[in-house]
Protein chains: 2
Amino acid sequence: MKTLVIISHPEYDDSETQAFLKKAVQNFTNVTWHRLPNQQTFDPEEEQRLLMQFERIVFQFPMYWYSAPASLKQWEDDVLTRSFTFATEQARLAHKELLIVTSLGYPENDFQAGSREGFSISEMLVPYRALAYRSGMKFMSPLVISQFAYLTEAQKSQLLIKYQQYLTATDPFSFTAKQNWVIEQLQTELAKTTDKMKLQLIIDQLTENQSELAGLKEQIKLIRQEEEG
Amino acid sequence: MKTLVIISHPEYDDSETQAFLKKAVQNFTNVTWHRLPNQQTFDPEEEQRLLMQFERIVFQFPMYWYSAPASLKQWEDDVLTRSFTFATEQARLAHKELLIVTSLGYPENDFQAGSREGFSISEMLVPYRALAYRSGMKFMSPLVISQFAYLTEAQKSQLLIKYQQYLTATDPFSFTAKQNWVIEQLQTELAKTTDKMKLQLIIDQLTENQSELAGLKEQIKLIRQEEEG
């Protein structure tokens, strides 16, 4: 599976979050980084050709006024022509996956009814969900990164793995797919006998998975004991 | 009350809808037309100074991928700085009204769960509703114009009046405010002894109102008769 990451960020070069995310996937040959320029129009045919080479399309951006910065909107307006996009016409995006990766300057808790922002992330993303719906794409659960600057090193390590999985695992929300993904990564890394930190992260993830498994086994044991009364 | 109409339309000069709307309010001195350029950034201070002169702010645009074209997003990103906008900071927009006037290429019926677009207009407008919420603005019921090209002359006449009311009546959704607005218009027109077509429209509107009033009176009569048994 190949993934295209379309990045919309007016101050990309100053963004620690974007630098972190880029580094996280720099060794993944199946991930392509596509940064959008500001205040420019796009060549629809060129961009459409690019889209056709990928199965997962990522819209990656800091949340500005509850949606992507203007450059992604410009890209949508120029590139996603009706005939190319609509499920009722050429449906060239049908069955691809659409993933939103968005960063927030405020706690995710603020985004709910009655809270500071008044609406949930799921509600704010309706225009993208409607785009997926209209074009026959599968809308994935978004990856929301809130207040990156305040994350601890441990939280950043978790985010790194999570981001890699969201971009490259076939089903990043299933336990089995995650487990398989980790094993794949481990094999790749071992083959290259490369940097220790990443190996450590993978081992941590495996340990976490194992403890989750152990917890499940313990629960099953208790249920059996109760049954045997 | 003064109204600022901010128009975002990449092909403004070719738009029959926009030409119609502009003509509809050309004689209203309390309405200012502010067309946004494409692929340009905005001077926040200049735009903020402009905003401060109006009580009602209109975002007017054709719906492109379930929101405004990129130029309005660029304007939001540049002009609506946190300190200026947030209700928790300077709150310079607080208590102003925000009105969305949007045109659709498809029937409004398509915009609901299970229908072709899958989501309602109210859902799609969440990013603007959240902006109003965060800045303390009053979000007005949007004016949705669907398939302008297919409207009959009678429907266009109705739209013209409705648009004028949405832009200039103090409460365009109350019967009394509408009635007062019509009378005001009539007085202005009579003073100028001007074009007949517009007068005819106003008379039509008055007639409609009168028939609604007559209907209400009839209902009250029936209720009284029942009471008197």
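A: Chain A carries 23 positive and 30 negative side chains. The centres of these two sets are 4 Å apart. Lys and Arg count as positive, Asp and Glu as negative, while His and the chain ends are left out. Each charge is placed at NZ of Lys, CZ of Arg, CG of Asp or CD of Glu.

Some ground rules. Residues are numbered from 1 along each chain as its sequence is written, and chains are lettered from A and ligands numbered from 1 in the order in which they are written. The model is predicted, local features need pLDDT of at least 70, side-chain atom pairs count only at pLDDT 80 or more, totals for chains, interfaces and linings use all residues, and side-chain values use heavy atoms, without hydrogens or water.

Now the build of chain A. Domain 1 covers 3–151 and domain 2 covers 174–229. These bounds come from an automatic or database domain assignment. The two domain centres, taken over C-alpha atoms, are 30 Å apart. The C-alpha trace of the chain spans about 65 × 50 × 40 Å along its principal axes. Its secondary structure comes to nine helices and six strands. Both are DSSP runs, numbered from the N terminus: helices are H or I with at least four residues, strands are E with at least two.

Next, surface and packing. Chain A has an accessible surface of about 11700 Å², and 49% of that belongs to carbon and sulfur atoms. The areas come from the Shrake-Rupley method with a 1.4 Å probe; for residues, only the protein chains shown count as cover. Of the 229 residues in chain A, 49% are buried. Buried means under 20% relative accessible area, exposed means over 50%, and partly exposed lies in between (1.4 Å probe, protein chains only). Consider contacts in chain A between residues at least 6 apart in sequence: 73% of them join residues at least 24 apart. A contact means heavy atoms within 4.5 Å.

Helix α3 of chain A is mostly covered, with 10 of its 10 residues buried. Charged side chains are on that list, including A:K73, A:E76, A:D77 and A:D78. A:W75 and A:L72 are among the buried residues too. The loop between β3 (56–62) and α3 (70–79) of chain A holds A:Y66. This tyrosine has a phi near 70 degrees, a positive value in a residue other than glycine. Most residues other than glycine have a negative phi. Is A:Y66 buried or exposed? A:Y66 is buried, because its relative accessible area is 5%.

Move on to α5. A:G118 sits in the loop between β4 (97–104) and α5 of chain A. A:G118 is buried, at 12% relative accessible area. A:G118 and A:Y12 are 106 residues apart in sequence, and their C-alpha atoms are 28 Å apart. A:E123 lies in helix α5 itself (residues 121–124). With a relative accessible area of 32%, A:E123 is partly exposed. A:E123 and A:E189 are 66 residues apart in sequence and 40 Å apart, C-alpha to C-alpha.

How are the two chains related? A rotation of 180 degrees, with 0.1 Å of shift along its axis, superposes chain B on chain A with an RMSD of 0.2 Å. That is the relation of a two-fold axis. In chain B, the C-alpha nearest the axis belongs to B:Q39, 2.3 Å from it. The same surface serves both copies: 100% of the contact residues of chain B recur in chain A.

Last, a look at the partner. Helix α3 of chain B (residues 70–79) also has 10 of its 10 residues buried. One of them is B:S71. B:S71 is in contact with B:P37, as is B:F42. B:P37 lies in the loop between β2 (31–35) and α2 (44–51) of chain B, and is partly exposed at 30%.

Note on methods. Least-squares fit on C-alpha atoms with pLDDT ≥ 70 in both. Lists of a residue's contacts leave out its neighbours within four places in sequence.
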